[in-house]
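Look over the sequence and the model below. A short report on fold, surface and packing follows.

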Amino acid sequence: MSFKNFLILLILSLIWGASFLFIKVAVGTIPPFSVAFGRTALAAVLLYLVMRSRGLKMPKWGSVWGTFLLMGLFNGAVPYTFITWAEIHIDSGLAAILNALMPLFTVLLAHLFTGDERLNWMKVVGIFLGFLGVVTLIGPAALKGLGNDVLAQLAVMAAALCYAIAIIYGRRLKEITPLVSATGQLFCAAFLTLPMMLLFDAPWTLSPSFISLGALSCLSLLGTALAYLLYYYLLPQIGSTNLSLVTYLIPITGVFWGALLLGERLHWSAFLALGLILAGIAGVNNRLPKFSLAGNLPTSPGSGVDFFAIQPNFRHR
């Protein structure tokens with residue numbers, strides 16, 4: 001994984017780390033299906049306007065829209081709804097631990113259904129270290145809630161599995177511009193959640209607070225629209241297994257936001273957890289990075305612009 005791609009992965013984790021805060025605030029007065037629809041619909045409209053301003057068009061009706069629909073289901077409609085509903089019933093710390101099962105699901109699915117991301121002992125050790133880092137960061141006490149609110153816990157695990165499926169299946173979209181892929185998927189996710197919102201939430205009867213609406217807007221614009229652009233840029237660059245590791249970084253960034261915005265003090269366990277997570281990422285990547293100033297990085301597809309001028313040289317173990 002290049003330095004540039006790791007930095008983008010870190011930015012993505014910062015965005016998604018803040019998204020858990022936005023969800024918690026939004027769901028205070030907005031039901032789960034409405035949160036899922038609101039974040040996907042608003043993000044889809046925004047990305048479509050950006051896409052059209054760049055002279056891009058959505059693909060014609062065909063098999064690609066079937067892929068968009070499945071991605072909208074597994075990477076949007078189902079996990080967004082499940083996690084939002086689950087956090088009403090269980091602590092966010094336990095939800096984060098259960099959601100951190102996603103890289104494990106991903107590496108297993110990648111081994112079974114891809115030919116270039118095979119399982120090996122270093123990846124197994126990396127997955128274990130990363131998960132141990134998440135448990136260390138959040139605290140083993142969060143695991144005491146296991147067994148209570150089983151349906152909510154299973155919902156988070158199902159969401160993690162959905163994300164893993166989406167990462168593997170999303171490789172089919174590597175030939176499509178990331179902006180177009182993200183827009184198509186979000187339109188499909190909004191289409192899938194709309195009938196559920198109308199049926200179960202009766203949105204015309206809701207009285208959402210201003211702060212919940214603000215949180216939903218931030219969740220849609222940052223945690224969905226911008227995050228999906230980064231997600232689809234990284235997927236063909238670093239592969240599904242590496243991309244799944246963003247789940248391990250999210251708790252770290254959640255602690256970061258707490259320290260920055262709420263004045264929370266960082267415990268020594270946070271730094272230990274960071275070390276374990278970074279070691280896990282190195283293990284899954286099968287590499288030790290050694291950076292040097294050696295020319296320009298490749299540009300993003302179709303951008304024509306170099307984002308950074310630092311190119312890493314990698315030394316295999």
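Which residues make a nonpolar surface patch of about 420 Å²? The patch is made by L42, L46, V50, L221, L222 and L226. Details follow under the surface heading.

## Basis of the model

This is a predicted model, in which local features need pLDDT of at least 70 and side-chain atom pairs count only at pLDDT 80 or more, while totals for chains, interfaces and linings use all residues. Residues are numbered from 1 along each chain as its sequence is written, and side-chain values use heavy atoms, with hydrogens and water left out.

## Overall fold

The protein chain has 11 helices and 2 strands. Helices (H or I, at least four residues) and strands (E, at least two) are DSSP runs, numbered from the N terminus. The order from the N terminus is α-α-α-α-α-α-α-α-α-α-α-β-β.

Buried residues make up 49% of the 317 residues. Buried means under 20% relative accessible area, exposed means over 50%, and partly exposed lies in between (1.4 Å probe, protein chains only). A contact requires heavy atoms within 4.5 Å. Among contacts with a separation of 6 or more, 86% join residues 24 or more positions apart.

## Surface and patch

The protein chain exposes about 15100 Å², and carbon and sulfur atoms supply 70% of that area. Accessible areas come from the Shrake-Rupley method with a 1.4 Å probe; for residues, only the protein chains shown count as cover.

Back to the nonpolar patch. Helices α2 (32–53) and α9 (210–244) each supply at least two of its residues. Patch residues have over 30% relative accessible area and no salt bridge; like charges are joined within 9 Å, and nonpolar side chains (Val, Leu, Ile, Met, Phe, Trp, Tyr) within 5 Å. A salt bridge here is a side-chain nitrogen of Lys or Arg within 4 Å of a carboxyl oxygen of Asp or Glu. V50 lies in helix α2. V50 counts as partly exposed because its relative accessibility is 34%.

## Nonpolar cores

A nonpolar core is a set of buried Ala, Val, Leu, Ile, Met, Phe, Trp, Tyr and Cys residues joined through side-chain atoms within 4.5 Å. The largest has 47 residues, of which L9, L12, W16, Y231, Y232, L234 and L243 touch the most other members. Two or more residues each come from α1 (3–26), α2, α3 (63–86), α5 (102–113), α7 (150–169), α8 (178–201), α9 and α10 (246–262). The largest share, 11 residues, comes from α9. A second, separate core has 9 residues, including A18, F22, I23 and A215.

Beyond its neighbours within four places in sequence, L12 is in contact with A227, L230, Y231, L234, L243 and V246. L230 sits in helix α9. L230 is buried because its relative accessible area is 18%. Not counting residues up to four places away, L230 touches I8, I11, L12 and I15. L230 and P178 are 52 residues apart in sequence, yet 8.2 Å apart from C-alpha to C-alpha.

Is G223 buried or exposed? G223 is buried, with a relative accessible area of 0%. G223 belongs to helix α9. Leaving aside neighbours within four places in sequence, G223 contacts I15, W16, S19, R39 and C218. G223 and A18 are 205 residues apart in sequence; their C-alpha atoms are 7.6 Å apart.

F105 is in helix α5. F105 is partly exposed, at 21% relative accessible area. Outside the four places on either side in sequence, F105 touches M157, A160, L161 and A164. T67 lies in helix α3. T67 is buried, at 9%. Beyond four places in sequence, T67 touches Y169, R172 and L173.

## Backbone and cysteines

Most residues other than glycine have a negative phi. A202 has a positive phi of about 45° although it is not a glycine. A202 is in the loop between α8 and α9.

How many disulfides does the rule give? The count is 0 disulfides, where a disulfide is a pair of cysteine sulfur atoms within 2.5 Å. C188 is buried, at 7% relative accessibility. C218 is partly exposed, at 31%.
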